[in-house]
Structure formats: structure tokens, C-alpha cells
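Visitor: I'd like to learn how to read a model like this one. Can you walk me through it, feature by feature?

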Amino acid sequence: MCGIVGYVGHREACEFLLDGLRRLEYRGYDSAGVAITDQAGDVSICKTAGRIERLASALASSPLQGSIGIGHTRWATHGPPTEGNAHPHIGGERVVTICHNGVIENFQELKARLETEGYVFQSATDTEVIAHLITDCLEKESSESKVSDSVAPYASLVTAVKAALSQLRGTYGLVVMFRDHPGVIIAARLGSPLVLGIGDDEHFVASDASPLAGYTDKIVYLSDHQVAVITADSVRVTHRDHGEVRHSVENLQVDATDVDLAGYPHYMLKEIFEQPESIKNAMRGRLCEDDATAMFGGLNLTPQQLGSVNRIILTACGTSWHAALLGEYLIEEFARIPVEVEYASELRYRNPPVDPGTLVFAISQSGETADTLGAIREMKRKGHRTLAICNTVGSSIAQEADGGIYLHAGPEIGVASTKAYTSQCMVLSLLALYFGRMRHLSFDAGMRIINEFHALPSKVRAALQTDEESKRIAAKYSGANNFLYLGRQYNFPTALEGALKLKEISYIHAEGYPAAEMKHGPIALVDEATPSVFIVPQGFVYEKVLANIEEVKARGGPVIAIVEHGDTRVAALADDVISVPSVAEFVQPIVSAIPLQLLSYHIALMRGCDIDKPRNLAKSVTVE
Ligand code: M6R
């Protein structure tokens with residue numbers, strides 16, 4: 001939530017800042033701003049309510065020049081999304097200018113104290129308190145003047161920033177510019193991600209790697225409690241409470257073409273169509289025909305530890321939670337290990353019994369979801385081994401876990417998760433095979449599963465051909481105000497995910513249910529104006545779902561069915577049918593997710609919704 005950028009170097013800072021904010025806009029998009037220091041050392045600020053393009057227009061009519069600057073795109077927590085509450089914020093008499101991502105829990109008490117000291121607040125944000133606090137600490141620092149800046153450059157600034165940070169309770173990703181030291185940016189993180197980009201005589205700061213693509217391929221992932229001092233020709237990283245930290249520079253794996261639209265009208269559509277490739281990437285190098293199993297490089301567990309696993313907890317939020325639910329079905333089926341699926345926001349405050357044989361997986365596209373991060377920390381504290389299934393390399397959850405598996409889906413920018421979901425399903429299927437082969441699954445069964453996996457990317461490609469049919473059906477039902485999504489067994493999670501996709505981008509009320517559970521309540525919603533979307537592939541519950549379709553039809557409800565090619569029985573019953581390729585039951589949810597994503601996309605488009613930036617949402621939810 002919220003995106004931060006910073007630049008110090010030799011080019012016009014505004015160019016990178018705007019470009020970077022556009023790439024980070026998925027993190028929040030209710031207001032935006034930049035601050036630039038010019039050659040004389042004066043800081044100018046431009047802020048607008050609304051999307052980045054409004055900021056870009058404002059800057060086009062009144063350009064800000066200078067080669068050091070910071071910028072921010074906001075998802076409001078404290079204070080409405082007005083220009084006044086937009087970042088950057090200033091401290092004291094423009095002594096410092098800051099952008100912040102995160103939440104300061106004790107801002108009210110700090111604000112009250114600072115107000116008694118004469119600081120005047122201009123906004124309703126928690127962020128402004130940090131700006132005045134740093135100013136206050138700087139003034140105290142300079143009056144005491146304990147450390148000379150000639151000994152360690154900017155030592156007094158670092159001391160003041162650290163003194164301010166140590167008074168904050170909450171989370172921050174922070175960039176700070178100083179009126180009296182125009183060549184330096186200080187960046188700090190605790191609970192909100194920040195990365196540094198290393199260029200030639202220029203340096204970049206951003207909330208994630210995407211703004212850096214095309215500017216540099218060298219990246220430093222800051223960890224919690226680290227404070228970086230950044231100038232055009234140097235980067236120093238220190239620990240908030242200790243001394244200097246050796247930082248490692250890694251190769252950036254994001255390409256500029258990964259983060260542009262490549263001719264698609266929306267990131268969501270682009271990402272839907274990337275799925276044959278992203279699914280292939282999720283299994284690349286992870287299938288071992290010799291042993292009819294899957295293999296993973298980064299689990300960091302000994303064969304003994306893996307063999308002693310007797311319970312698995314899968315924890316996640318939103319779409320990732322739906323993937324976890326599919327994981328439960330698959331792991332229990334293939335490996336006979338009991339699995340519990342927990343909402344991360346619940347797990348972190350529960351107190352489940354600790355058992356040394358329990359393995360916890362946190363599943364997260366962004367790797368930054370605050371609740372999932374909180375849950376994994378709590379589980380670690382209780383002594384559980386924790387692993388991450390993440391898409392974003394170097395993300396907080398990836399860093400925090402004892403080991404893990406990357407999705408390799410490439411950056412997902414559309415707020416509605418699509419390719420990350422199917423990649424999560426893919427990785428969990430591999431995991432089920434892996435644990436299954438360590439236990440009950442025969443070589444032969446393992447090989448049959450592997451063959452299904454190999455065929456999957458081409459089946460997903462074929463499922464994308466339902467685009468036109470999905471568009472036709474979307475036109476027929478785009479006026480509906482309520483939808484039901486119904487599926488059983490492996491496709492119960494698919495139903496939940498289909499409903500979430502529709503509601504988050506089209507604002508239509510939609511509920512996902514196990515198809516048979518419908519008659520215990522939701523069936524009361526069925527009428528001529530409420531379409532039910534059934535996911536009804538061939539399989540051992542096929543006949544049962546057919547009966548559930550009959551129940552809806554008997555009450556006058558329109559039925560849209562996702563079926564396998566050649567299915568005539570459902571076609572005779574349903575009002576509209578989308579047919580997808582036949583695959584084994586356990587991978588059918590991946591194939592069936594495709595027309596559901598397309599259906600949501602087209603309905604939202606027809607209703608004039610902002611597909612990639614739905615109202616009230618942000619891509620990574622880094623607040624509780
Ligand atoms: O980055 P994460 O996978 O941890 O995000 C979890 C949810 O916030 C996310 O899946 C959300 O539900 C998406 N907007 C769904 O499309």
C-alpha cells in the first residue's frame with residue numbers, strides 16, 4: 001500500500017520519479033506527489049488528489065527541475081485522499097521533506113507532544129508526525145553536535161533520523177530529503193518494503209523492483225531496521241540500533257518489458273494471457289522424471305525434517321487463500337498429510353497448539369501482505385518451521401521465512417490477481433506430488449501426474465480461446481446485480497476465486513459456495529435476475545453438480561456453466577456454456593479459472609469500471 005520512489009544522480013529526477021510512480025500505481029492510487037531539490041538547494045513540491053496522470057499533467061504545466069527528489073502514490077489510511085494529505089510532507093520550516101508507506105500507531109501522542117513544542121500540522125496524516133519528529137531530533141542533534149559530519153558524512157542526519165525512528169510504533173518505508181543537505185536522501189524501513197537501485201553515479205529508491213527496470217539491473221533489498229544514506233556516488237547501509245551493515249548487491253530479474261502493457265489495454269488482460277508461460281515457469285526445472293516427483297531448491301529442510309512433517313498449515317489472504325484451499329485438497333489427497341488453511345489475519349492472533357511436526361506455508365503474491373507477514377512471524381515465534389510461496393523475489397515474507405518456493409510468474413501489476421493465482425495452484429500441485437511421493441504415491445501414479453502437468457500450459461492456451469464466448473456471455477449478464485459461483489471439491493476454491501474476481505473489479509455482489517451447500521441458505525437468493533456460474537468438469541462429483549444445477553433451474557435462476565469440451569448433458573440444462581479442454585480433475589481448477597477471469601474482465605469493462613485499479617483496493621495490503 002502506497003508506493004515510494006527516490007532519485008539522486010545526474011539526470012532530471014522528475015523523469016524517474018513519474019515513471020516509477022506509474023509502475024507503482026497498483027500499490028495505491030488516490031493521490032500522488034513529488035518533491036524535487038533544485039541546484040540552489042530549494043525544495044519544490046507538487047501534489048494532486050487522484051491518479052498519477054493528474055500529477056503528470058500538473059508537472060507538465062509547471063515542471064520541477066533538479067536531480068534529487070522523492071515521490072509517492074497513496075492509499076489513504078489516516079485522512080481522506082485530498083491534495084493536502086498527499087505526500088510528500090514537510091517538517092518544521094521545510095527542514096525535511098518525506099514520503100512514507102506504513103502506519104504510525106502512536107502518532108496521536110507524538111503529535112500532541114510536538115504541538116506543545118510549537119510544530120504546526122498541515123494534514124490529517126500520521127506521516128506528518130515523522131517529518132516534524134525528524135526535524136525536532138535534527139535540531140536537538142545540532143545543538144548538542146556530538147558527531148562531526150567530517151568524520152562520517154551525514155552522521156548527524158543519520159543520528160537524528162534514527163532517534164526519530166526509535167520513537168515510532170508501527171511500520172514505515174521512508175525516504176527523507178534535507179533542506180540543509182541537498183545532496184542526500186535517507187531511506188529506512190520497518191515492515192514496509194524498500195529497495196535501492198545502484199547506477200553509475202546515480203542511485204534509486206523504490207517500494208519494489210519494478211520502477212528500477214530499464215534504469216539499472218543492480219538492486220539492494222533493504223531489511224527491517226536498516227537505514228540507508230544515499231548520494232549520487234555512494235550508498236551506506238546501517239542498522240537502526242547498531243552500526244554499519246554490509247549490503248549485498250543482487251541482479252535485478254525484472255525486465256522493462258515485464259512491466260509495460262505490451263499492447264494490451266489492461267494489465268489484467270495481459271496477465272491472463274501470460275498464463276501458459278507463467279504456469280510453465282512455475283514448474284520449470286521442478287519436475288524429476290527419474291524419480292517421478294517434484295523437486296525444490298529452496299526449502300532448506302533436511303530429508304529427516306521433511307519426512308517428519310505430520311501436519312501442514314497453509315496461511316494466506318484473498319486470492320492466495322483460495323489457492324491455499326486447493327492446496328489442502330491436493331496435499332491431503334496425494335500425500336495423506338492433514339492440512340489446515342488459515343486466514344492469516346486470524347491465525348496471527350490465534351493460539352493453535354504447537355507441534356514439532358507442523359510445517360507452515362505462507363502464500364503471497366506480493367510477499368508484503370501485512371497479515372500474512374504477521375502470521376508467519378507469530379508461527380516462527382511459536383517454534384514452527386515456516387516456508388514461503390511468493391512471487392516477488394526478495395520480498396519481506398520471502399526474507400522472513402526459513403525457506404520457500406518462488407512462483408516465477410513475473411511482475412503482476414493488475415490489482416486483480418490472475419497469473420499469480422494459477423501459479424500458486426501449480427506450485428501447490430507440485431508440492432502435493434512432492435510430499436505424496438515421499439509417502440504413499442507410487443512411481444506410476446507420480447508419472448501420471450507429471451504427464452498431466454506437462455500438458456497443462458497448452459491446455460491453458462486453449463482455454464484462452466474462450467475469450468470471445470466469455471465476452472458474449474458477459475454482454476448478456478453485465479446488468480445483473482448478484483451472482484452465485486458454485487463448484488464442488490477441487491472446484492470449490494475455483495468458485496470462491498471466480499466470485500472474488502467479479503466483485504473486486506466490477507463491484508457486483510458475488511458469492512462463492514460449495515455447490516451442494518447452496519441449498520442450506522444461498523438458494524434463497526436465486527431468481528431470474530441472479531445468474532449462477534457452475535464449474536462442472538467431468539469427475540467424481542459431476543452427477544452431484546448436475547443435480548445442483550437442476551435445483552437452480554427449478555427456481556428460475558439462469559445458469560452459466562464451465563464444462564469440458566464435448567459435454568452435452570450440461571449444455572442441455574444450462575442457459576450458457578463455456579467449454580474448456582479436458583484435463584485430469586486435480587488440474588482442472590487451473591484451466592477453469594481462465595474463463596472465469598475473462599468473464600469478470602469483460603463484465604467489468606462493459607460496466608465502465610477501472611479494471612487495473614478498482615476502487616478502494618491496492619495491490620499489496622501492507623496494513624492490518
Ligand atoms: O500479495 P498477496 O497474495 O499476499 O495478496 C493477498 C490479497 O490481498 C490478494 O490476493 C487480493 O485478494 C487480490 N486483490 C485478489 O485479486
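Guide: Let's start with a cysteine: Cys-46 is buried, with a relative accessible area of 13%. Buried means under 20% relative accessible area, exposed means over 50%, and partly exposed is in between, with a 1.4 Å probe and protein chains only. Keep in mind that this is a predicted model, where local features need pLDDT of at least 70 and side-chain atom pairs count only at pLDDT 80 or more, while totals for chains, interfaces and linings use all residues. Residues are numbered from 1 along each chain as its sequence is written, and side-chain values use heavy atoms, with hydrogens and water left out.

Visitor: How many disulfides are there?

Guide: A disulfide is a covalent bond between the sulfur atoms of two cysteines. The rule here asks for a pair of cysteine sulfur atoms within 2.5 Å, and by that rule the count is zero disulfides. For Cys-46, the closest cysteine sulfur is in Cys-14, 7.9 Å away and too far for a bond. Cys-317 has its closest cysteine sulfur in Cys-390, at 12 Å, again too far for a bond. Cys-317 is partly exposed, at 24% relative accessibility.

Visitor: Where is Cys-14 found, and what does it touch?

Guide: Cys-14 is found in helix H1. Helices (H or I, at least four residues) and strands (E, at least two) are DSSP runs, numbered from the N terminus. Contact means heavy atoms within 4.5 Å; leaving out residues up to four places away in sequence, Cys-14 touches Ile-36, Leu-59 and Leu-64. Cys-14 counts as buried, at 11% relative accessibility.

Visitor: Which strands does helix H1 lie across?

Guide: For the angles, axes are lines fitted to C-alpha atoms, for helices over the stretch in contact, and angles run from 0 to 180 degrees between N-to-C directions. Helix H1 (residues 13–24) lies across strand E1 (3–8), strand E2 (31–37), strand E4 (68–74) and E10, and runs at about 160° to E1. Helix H2 (residues 52–61) lies across E2, E3 and E4, at about 135° to E3.

Visitor: What is the order of the strands in the open sheet?

Guide: Strands of a sheet pair through backbone hydrogen bonds, either parallel or antiparallel. Two strands pair here if DSSP finds at least two bridges between them. The open sheet of eight strands has the order E3-E2-E4-E1-E10-E9-E11-E15, with antiparallel pairing. Strand E3 (43–49) and strand E15 (250–251) stand at the edges with a single partner strand each, so one side of each has no neighbour in the sheet. Further in, strand E9 (residues 195–198) and E10 run antiparallel and are joined by four bridges. Ile-198 has His-203 in E10 as its bridge partner.

Visitor: How many aromatic pairs does the structure hold?

Guide: Rings of Phe, Tyr and Trp (its six-membered ring) pair if their centres lie within 6.5 Å; planes under 30 degrees apart count as stacked, over 60 as edge-to-face and the rest as tilted. The structure holds 13 aromatic pairs. In one of them, Phe-204 and Tyr-215 have ring centres 5.7 Å apart and planes at 55°, so the pair is tilted. Phe-204 sits in strand E10 (residues 203–206) and Tyr-215 in the loop between E10 and strand E11 (218–221), eleven residues apart. Phe-204 is buried at 1%, and Tyr-215 is buried at 14%. Trp-321 and Tyr-343 also pair, and that pair is stacked: 4.2 Å centre to centre, with 5° between the planes. Trp-321 belongs to helix H9 (residues 318–335) and Tyr-343 to strand E19 (residues 339–343), so the pair ties together parts that are 22 residues apart in sequence. Trp-321 is buried at 11%, whereas Tyr-343 is partly exposed at 41%.

Visitor: Which residues have a positive phi although they are not glycine?

Guide: Most residues other than glycine have a negative phi, and most peptide bonds are trans. Among those with a positive phi are Tyr-507, at about 65°, and Asn-616, at about 70°. Tyr-507 lies in the loop between helix H16 (491–506) and strand E24 (509–514). Asn-616 is exposed at 63%.

Visitor: And where is the cis peptide bond?

Guide: That bond joins His-87 and Pro-88, with omega about 0°. Pro-88 is in the loop between E4 and strand E5 (89–91).
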